[in-house]
Amino acid sequence: RVERLAADAAFVARCASGCTVAIDCGFAAHLMRDAERKSLGHQIMFCYSANRKAAHPATLRVVGADAATLAGLAKLNHHRWLGASVEATPLADALLGGADREADDAG
């Protein structure tokens, strides 16, 4: 158990020292059927799995997820994924934040 916790902590630290990969699901609500959404959830899970095995893992951020996408990813236990987050926040807000985005829109 202690070894597993240490390995998990080391993985999270490696993720934090690497790049961040954002997967934008903001299009799913408008363009995808339920079967396609389920497939997307599995593809995201495969991305997470590959990242766990990577020598230099990235922090994964799944953003723009609507309620149905969030529910599908919850069935895949996304809340237990290390070095990854799943959120409803739109891509621009998640990466730039509200204030920075407004400044970019004005400039």
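1. The model is predicted. A salt bridge joins the side chains of Arg-61 and Glu-87, at 3.1 Å from N to O. The pair links distant parts of the chain, since Arg-61 belongs to strand β2 and Glu-87 to the loop between β3 and α5 (91–96), 26 residues apart. Arg-61 is partly exposed, with a relative accessible area of 21%. Glu-87, with 18%, is buried, because the limit for that class is under 20%.

2. The structure holds 5 salt bridges. Some of these share partners, and in this way Arg-4, Asp-8 and Arg-52 are joined into one network. Arg-52 also lies over the face of Phe-11, at 4.3 Å from the ring centre.

3. A further salt bridge is formed by the side chains of Asp-66 and Arg-37, with an N to O distance of 2.8 Å. Asp-66 lies in the loop between β2 and α4, while Arg-37 lies in helix α3, so the pair ties together parts that are 29 residues apart in sequence. Both partners are classed as buried: Asp-66 has a relative accessible area of 19%, and Arg-37 has a relative accessibility of 13%.

4. The side chains of Arg-33 and Glu-36 also meet in a salt bridge, at 3.9 Å from N to O. Here Arg-33 is exposed, with a relative accessible area of 60%, and Glu-36 is partly exposed, at 30%. The N to O cut-off for a salt bridge is 4 Å, so the pair qualifies.

5. Helix α3 covers residues 34–53, which makes 20 residues.

6. Which residues of α3 are buried? They are Arg-37, Leu-40, Gly-41, Ile-44, Tyr-48 and Asn-51. These residues cover an arc of only 100° around the axis, which places them on the same side of α3.

7. The buried residues pack against α1 (2–17), β1 (20–24), α2 (28–31), β2 (59–63), α4 (67–75) and β3 (84–86). The face turned away from the buried side carries the exposed residues Ala-35, Lys-38, Phe-46 and Lys-53.

8. The structure holds 1 aromatic pair. The ring centres of Tyr-48 and Trp-81 are 4.9 Å apart and the planes are at 10°, so the pair is stacked. Tyr-48 lies in helix α3 and Trp-81 in the loop between α4 and β3, so the pair ties together parts that are 33 residues apart in sequence. Tyr-48 and Trp-81 are both buried.

9. Ala-22 is located in strand β1 and is partly exposed, with a relative accessible area of 32%. Leaving aside residues up to four places away in sequence, Ala-22 touches Arg-61, Leu-91 and Leu-95. Ala-22 and Gly-64 are 42 residues apart in sequence, and their C-alpha atoms are 9.9 Å apart in space.

How values were computed:
Residues are numbered from 1 along each chain as its sequence is written. This is a predicted model: local features need pLDDT of at least 70, side-chain atom pairs count only at pLDDT 80 or more; totals for chains, interfaces and linings use all residues. Side-chain values use heavy atoms; hydrogens and water are left out. Helices (H or I, at least four residues) and strands (E, at least two) are DSSP runs, numbered from the N terminus. The expected span of a helix is 1.5 Å times one less than its number of residues. Buried means under 20% relative accessible area, exposed over 50%, partly exposed in between (1.4 Å probe, protein chains only). The arc is that of the directions from the helix axis to the C-beta atoms. Contact means heavy atoms within 4.5 Å. Rings of Phe, Tyr and Trp (its six-membered ring) pair if their centres lie within 6.5 Å; planes under 30 degrees apart count as stacked, over 60 as edge-to-face and the rest as tilted. A charge sits over a ring if NZ of Lys or CZ of Arg is within 6 Å of the ring centre and within 35 degrees of the ring normal.
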